[in-house]
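Student: I have a structure open and want to talk through how parts of it pack. Can we start with a pair of helices?

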Amino acid sequence: MPTRMRFTIWRPLATAATAALMAAFLSPTAAQAAPSRSEPVHSYDDAIREAVWVDTGHDGDGDGRDDRVAVDIVRPREPAQQGRKIPVIMDASPYYSCCGRGNESQKKTYDADGDVVQMPLFYDNYFVPRGYAVVGVDLAGTNRSDGCVDVGGRSDIQSAKAVVDWLNGRAKAYTTRTGSERAEAGWTNGRTGMIGKSWDGTIANGVAATGVEGLETIVPIAAISSWYDYYFSQGAPLYGSGPDWLSDYVNSPDARAKCDAVQQRLVDGAPRTGDWTRLWTERDYVKAAGKVRASVFLVHGMQDLNVRMQHVGPWWDALAKNGVQRKIWLSQTGHVDPFDFRRAEWVETLHRWFDHELLGYDNGIDREPVADIERHPDQWVTSKSWPPRGTQTTTLRPAEGDRPGVGTLGLRANRGIETFTDDPALGETDWAARIDEPTPEKAGFVTRPLTRDLRLSGSSTVTVTAIPTTPTAHLSAVLVDLGPDTIRDYADGGEGITTLTDRSCWGPSTAGDSSCYKETAAKTADVEYTVVSRGWADLGNHASKWRGVPLTPGKAHTITLDLAATDHVVPAGHRLALIVAGTDRDLIDPPADTPTLTLDLSRTSAHVPFVGGTAAFARATSGATTSAPAATPLDGVTAPHTTHRVPEGGQ
């Protein structure tokens, strides 16, 4: 904490000094104003393209020698000729050969000498002319690197951290994969920013959590903060496979031939019981947030059902607790890169962020609102802090209504019970569509229509006391905004975007590396309800979040479900609903049994962060009680189908 405080206090002075020195060096006279923006003054055609292999200091594939990871570099030629050192933008990925990056699934291509021709994404085209080096790292076990993929563990993280160390003169690199000729990084000042979507952004989180010196900032997009939460939610399995499947999916052919032992450790360390193990501890970056020195610009889709919003709240809060400089964008999309939902604004903002964090330019981005939030498709608002000041958790209580399973939601504690039977064939869209009807698979609780807007911001929890009829049971809790709206169609194959045929260009191109990418547009849906936040748990984890036990049928068990962070305004005239049910189809796997659960409403409650707290909720729900709406099905998005098990970047 003291280090972070010194960094925050002295950063403006250091930034100003750096900018002044650069102005003196680059300008005819020292009196010229300090720069506030990097400009494309360097030749992209003449950029240096080279490859080195960095020694990770780790023998993951067990062949008796340290693994070397391939590092492809594109950097401007002129700074080195002028004796100037430059910063680095780095994307470390397992996808450069197997799967591709971005909406168009670009892969690395090489010339006859083995130097990179096409570096995926626009980063090199745009930033190299502006005085940055762009570095693409093949994670251990992928593409041209040695080692084995271990899905967020030591090998994954060390293979990227070692590159940061090499850029700062603390590690060895070679000009070939097996040779002895050393490669030096004398062209860089070591100041590094890591960026990437999904697994790539996850690596950025993990490397930042080591506290490595020289990593100045990270930009994790739709990234994982704890790998346990990618595969399980409080004991409930989210997918029918574990990290061994994912490792095999991205391992190179050479790695597959050598990595049986690593694969077996992944199987043994990630039992499908959902119990926490040492494997998950190693892959939990949230617990190491106190080591983070880098600033963090986090981007996530609030309807991302691949890398879910459960990865945002704990990481964001832990960074705040440790004084980390932060910025956040929250979109209405699913698993989508901001380049494909807010392109021009994204490139401009990222440019200013890297100029500030890596070049030290005082461009004011650190004094702007912390959060950008997509309120409606392509309509964004800002928030000075996130969650906003004045946000307080309010306890909401469910109560029985006039019909079974159709109850009310308010501030007053209530008695009563509700009963439902798990139906693995149904999920949150089915429950929400029939919120005003008694159906056997869910219990729903709804506020009266709001008289004024009500904003949720942050992470919710739902405490449930339930009596099961079987030794196993899974629970889902869902918050729903009931009312008409036009939203991004996150359940569509594009997860909220449509890819067009026109292209826009972001920097110069070469014959082998175009800077021009297909434009996109918002894919929208007119709906009568919107799922706002979700959470799941195995009721067998009632006594411990990290270890499950068989349930005693007929006995009450109490568990608190963690719901995903969100930022959503329920408009006046809409209603807010809490739904409690069993298996959420395609979002969690069903339990071994088919339980019926009885909720004790006197010991069931939702804890929701409202801007303005309890007073805001009370004011918004103070209108006269209206008659129950007609029990007709509501329209929403189609049921989400998250059968993919890959935190991948392409659509």
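Student: Which residues in helix 7 meet helix 9?
Tutor: This is a predicted model, to begin with. In it, P243, D244, S247 and D248 of helix 7 meet Q263, L266 and V267 of helix 9. By class, that contact has three nonpolar, two polar and two charged residues.

Student: And at what angle do helix 7 and helix 9 pack?
Tutor: About 155°, with the axes 8 Å apart. Helix 7 covers residues 243–250 and helix 9 covers residues 260–269. Angles over 145 degrees count as roughly antiparallel, so helix 7 and helix 9 are roughly antiparallel to each other.

Student: New topic. Which residues touch the most other members in the largest nonpolar core?
Tutor: M194, W199 and W227, in a core of 103 residues. Helix 4, residues 154–167, gives the largest share of this core, with seven residues.

Student: What does W227 touch?
Tutor: Leaving out residues up to four places away in sequence, W227 touches V151, G152, W199, T202, L246, W280, R283, Y285 and P647.

Student: What does the second core include?
Tutor: That separate core has 37 residues, among them V74, I89, V336 and W506.

Student: Now A51. Where is A51 found, and is it buried or exposed?
Tutor: A51 is in strand 1, residues 48–55. Its relative accessibility is 13%, and buried means under 20%, so A51 counts as buried.

Student: Which residues does A51 touch?
Tutor: Not counting residues up to four places away in sequence, A51 touches V71, D72, G114, D115, R144 and T175.

Student: How many Å separate the C-alpha atoms of A51 and D538?
Tutor: 48 Å, and the two residues are 487 residues apart along the chain.

Definitions and conventions
Residues numbered from 1 in each chain as written. Predicted model: local features only at pLDDT ≥ 70, side-chain atom pairs only at ≥ 80, totals over all residues. Heavy atoms only, no water. Helix = DSSP H or I, 4+ residues; strand = E, 2+ residues; numbered from the N terminus. Buried < 20%, exposed > 50% of the residue type's maximum accessible area, 1.4 Å probe, protein only. Contact = heavy atoms within 4.5 Å. Axes fitted to C-alpha atoms, helices over the stretch in contact; angles between N-to-C directions. Parallel < 35°, antiparallel > 145°, perpendicular 65-115°, else oblique. Nonpolar A, V, L, I, M, F, W, Y, C, P; charged D, E, K, R; others polar. Core = buried A, V, L, I, M, F, W, Y, C linked by side-chain atoms within 4.5 Å.
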